[in-house]
Amino acid sequence: MPEGLLGELLDEAALAPSVGLSEPWRFVDVNSPAIRAAINREFERANAEALKGYEGEQAQLYARLKLAGLECAPVHLAVFVDRETSKGSGLGRRSMPETLEYSVVGAIHTLWLAARVHGVGLGWVSIFDPSRVTEVLDVPLSWGFVAYLCLGFPEEDSITPELERSGWEKRADRCSILRR
């Protein structure tokens, strides 16, 4: 990834809206080969466990899916929510504390869009035990794991999600809306 681009992308992610202007996102840039190897082992363990939940053709398809770019992505980011942040003084989250996590997801989405503008792909790896990732990364206990992201320039550029191209699932034609 070009020098300075990750910093620029994270600056853009920080422009995301957050409940009460709490900005509860905490990004961890995972560079250590030893930590990356531990994360990959955790993914492999969790992925093998997830495979047990499928049978027949679906299990065969699952086993062929590319579910992580852990070994080839130049940038790994772990993203956490700081549930004890004092920023924002609790505004908007006293009755709905989960809005802190939603704010982090908004920052991830903003990062994702900013990355695409620069031709950078972003993969969200979710096949982990969050407590194990938190332990491996040795972050504060008040931080909750939200996402593990792999960033880099994609091997091929397509607007069709890889899971759709592989036959796992099809994107809906449109958003459903319930009218009252």
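Q: Which residue stands opposite Gly152 in β4?
A: Strands of a sheet pair through backbone hydrogen bonds, either parallel or antiparallel. Here Gly121 faces Gly152 of β4. Strands (E, at least two residues) and helices (H or I, at least four) are DSSP runs, numbered from the N terminus. β3 and β4 (residues 143-152) pair in the antiparallel sense over 5 bridges; pairing requires that DSSP finds at least two bridges between two strands. The model is predicted, with local features needing pLDDT of at least 70 and side-chain atom pairs pLDDT 80 or more, while totals for chains, interfaces and linings use all residues. Residues are numbered from 1 along each chain as its sequence is written, and side-chain values use heavy atoms, leaving out hydrogens and water.

Q: In what order do the 4 strands form the open sheet?
A: The order is β1-β2-β4-β3, with antiparallel pairing. β1 (25-29) and β3 (121-125) are the edge strands, each pairing on one side only.

Q: At what angle do helices α2 and α5 pack?
A: Axes are lines fitted to C-alpha atoms, for helices over the stretch in contact, and angles between N-to-C directions run from 0 to 180 degrees. α2 (residues 33-51) and α5 (residues 130-137) pack at about 170°, their axes 10 Å apart. The two helices are therefore roughly antiparallel (over 145 degrees; under 35 is roughly parallel, 65 to 115 roughly perpendicular, the rest oblique).

Q: Which residues of α2 meet α5?
A: Contact means heavy atoms within 4.5 Å. Ile35, Ala38, Ile39, Glu42 and Arg45 of α2 meet Arg132, Val133, Val136 and Leu137 of α5.
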